[in-house]
Amino acid sequence: MTRFDTLVVGAGICGSTAARILHRAGQRVVVLEARDRVGGRVWTVRADGRTFDVGASWIHGIENNPLADAVQAFGIGTAEFTVGSYQPDGRPIAYYSPDGTRLSENAAARFAADVHYFDEAFAATIAESSPGVSFGDAVEATLTQLDWDAGRLDRVREFLAHRAEEQLGVGQGDLDAHGLDDDAIEGDEVVFPDGYDELAVRLTEGLDVRLQHVVTHVRWSDDGVLVRAGSHSFSADRAVVTVPIGVLESADFIIEPPLPEPVSGALDRLAMNAFEKVFLRFPIKFWDENVYAVRRQGEAGRWWHSWYDVTQPHGLPTLLTFAAGPCAQQTRHWSDERISDSIVEALRGMYGERVVPPDSVYVTRWQDDPFSYGSYSYMTVGSRPRDHDDLATPIGGVLHLAGEATWTDDPATVTAAMKSGHRAAERILERRVPFCEIWEAMNR
Ligand SMILES: Cc1cc2nc3c(=O)[nH]c(=O)nc-3n(C[C@H](O)[C@H](O)[C@H](O)COP(=O)(O)OP(=O)(O)OC[C@H]3O[C@@H](n4cnc5c(N)ncnc54)[C@H](O)[C@@H]3O)c2cc1C
């Protein structure tokens, strides 16, 4: 059996980043990947000459972000699209009131001002909240401080519920009050007209990646690690395990001896969410011109409330919406057709009979994906922000957990995945590694 310096489990952005840095430093590295492709939760589906990013779409803020620097250095094309973070304004959004009529510009601006005012008070509530308070409780505690009529309170209350669902794929009662602490965006957000997956392909160029290797056992000791993937066994001085926490928490993936504290406690307090994308392509564009997004207020928007116009760059009228949190859980076993019908009905509540049935519908099924079990991590009530970093505490000097869930500053993102892979490589090499080593040409 060949012995490697470092064994990396998972060829997502985290694992590819770590492997690339270590390979560049002269290590003998192998990457074991369960799927038949690289990229993990960065996944582009191509059909009819069009691309759909069915995993991550956005870089959430391109300033001070090594991910954006890597994308630029690789020459991967991007397009500005700054509404990925759930903000009430900033880019043109068509708001529809609870009765289905479009809000005037003034009314929409007043609503956005209410959300901004609320957000300032909300930040103070969260800063002062004791451990174990949910995001929903913190919202209610803040709303009681506001001398507003019931209608204004309801609009802001539902917007915050939708923010928790759409940003983190969880109902606000199940999310810790600190769960969106790191939601700030630095600079524009961008998407990938030709597909986000090019990043994963570029990162893994020249690496020894073994696809369709489903790792089931990781045994660690002072001597290193032994990993089993089907009939194959691999040994190495150390391993970087980047599988999503949904896999770590499942019975499919055994780590022996079991994870010690503080890693095990942190893993117990973090959870995988329920968040699915739905792309609907229509024969005609019936919604408002020159808007990035359409949002529905009131009870009619409880599940389907936000649609993003992703018609560009292919010119075919397409809306993207999300089944998020409770909606994703309850529609999990629905057929694509039933989900589409439900969304069309919601759109008719705003656009009436102008809404025609879609030509094609694509629904993601991340909750049922055996190599993910959800879309990304969130903080359960009672967890602490530092649980993310604690999850990456090196174990026995030989085992490093890494991935989006292990990065405190901006978890649940591709940026977090890349930074945590970089950190794991730095810890292994026991030196600082400039970020540019991720994208500079490899000489070996
Ligand atoms: C629908 C959706 C929308 C998102 N939107 C955004 C967004 O707009 N912007 C953003 O920044 N982030 C977004 N994210 C989150 C982002 O995609 C992830 O945070 C990031 O890609 C995680 O990278 P990773 O390397 O940590 O994990 P992964 O990409 O999950 O990589 C882990 C790898 O391990 C492999 N693996 C799993 N089990 C095994 C096993 N047993 N053996 C071997 N290999 C295994 C997996 O196949 C995978 O390739 C979104 C995610 C989803 C699903």
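**Exercise 1. Ligand contacts**

How far is a nitrogen atom of the ligand from an N or O atom in the side chain of His60? Then list other contacts of the ligand.

*Solution.* 
Step 1. The distance from the ligand nitrogen to the side-chain N or O atom of His60 is 3.2 Å. A polar contact is a pair of N or O atoms within 3.5 Å; within protein, one must be able to donate a hydrogen and the other to accept it, and residues adjacent in sequence count only if both atoms are side-chain atoms.
Step 2. Before going on, note that this is a predicted model, where local features need pLDDT of at least 70, side-chain atom pairs count only at pLDDT 80 or more, and totals for chains, interfaces and linings use all residues. Residues are numbered from 1 along each chain as its sequence is written, and side-chain values use heavy atoms, leaving out hydrogens and water.
Step 3. Turn to the backbone. A polar backbone atom of Trp58 is 2.9 Å from a nitrogen atom of the ligand. A backbone N or O atom of Ile13 lies 3.3 Å from a ligand oxygen atom.
Step 4. Count the surroundings. The ligand is surrounded by 39 residues, each with a heavy atom within 4 Å of it. The closest are Glu33, Arg35, Arg41, Trp58 and Val414.

**Exercise 2. Helix 1**

*Solution.* 
Step 1. Find the helix. Helix 1 covers residues 13–24. Helices (H or I, at least four residues) and strands (E, at least two) are DSSP runs, numbered from the N terminus.
Step 2. Check the length. The expected span is 1.5 Å times one less than the number of residues. For the 12 residues of helix 1 that gives 16 Å, and the end C-alpha atoms are 16 Å apart, so the two agree.
Step 3. Check burial. Buried means under 20% relative accessible area, exposed over 50%, partly exposed in between (1.4 Å probe, protein chains only).
Step 4. Name the neighbours. Contact means heavy atoms within 4.5 Å.

**Exercise 3. The open sheet**

In what order do the six strands of the open sheet lie?

*Solution.* 
Step 1. The order is 6-15-16-17-14-18, with mixed pairing. Two strands pair if DSSP finds at least two bridges between them.
Step 2. The edges are strand 6 and strand 18, each pairing on one side only.
Step 3. Take strand 16. Three antiparallel bridges link strand 15 to strand 16, where Val294 has Trp307 as bridge partner. Strand 16 and strand 17 also run antiparallel, joined by three bridges; Asp309 is partnered by Leu319.
Step 4. Check its faces. Ser306 and Tyr308 are buried on one side, Trp307 and Asp309 on the other.
Step 5. Take strand 14. Four bridges join strand 14 to strand 18, and the two run antiparallel. Phe279 stands opposite Tyr362.

**Exercise 4. His400**

Is His400 buried or exposed?

*Solution.* 
Step 1. His400 lies in strand 20.
Step 2. Its relative accessibility is 4%, so His400 counts as buried.
Step 3. Not counting residues up to four places away in sequence, His400 touches residues including Ala239, Pro394 and Arg427.
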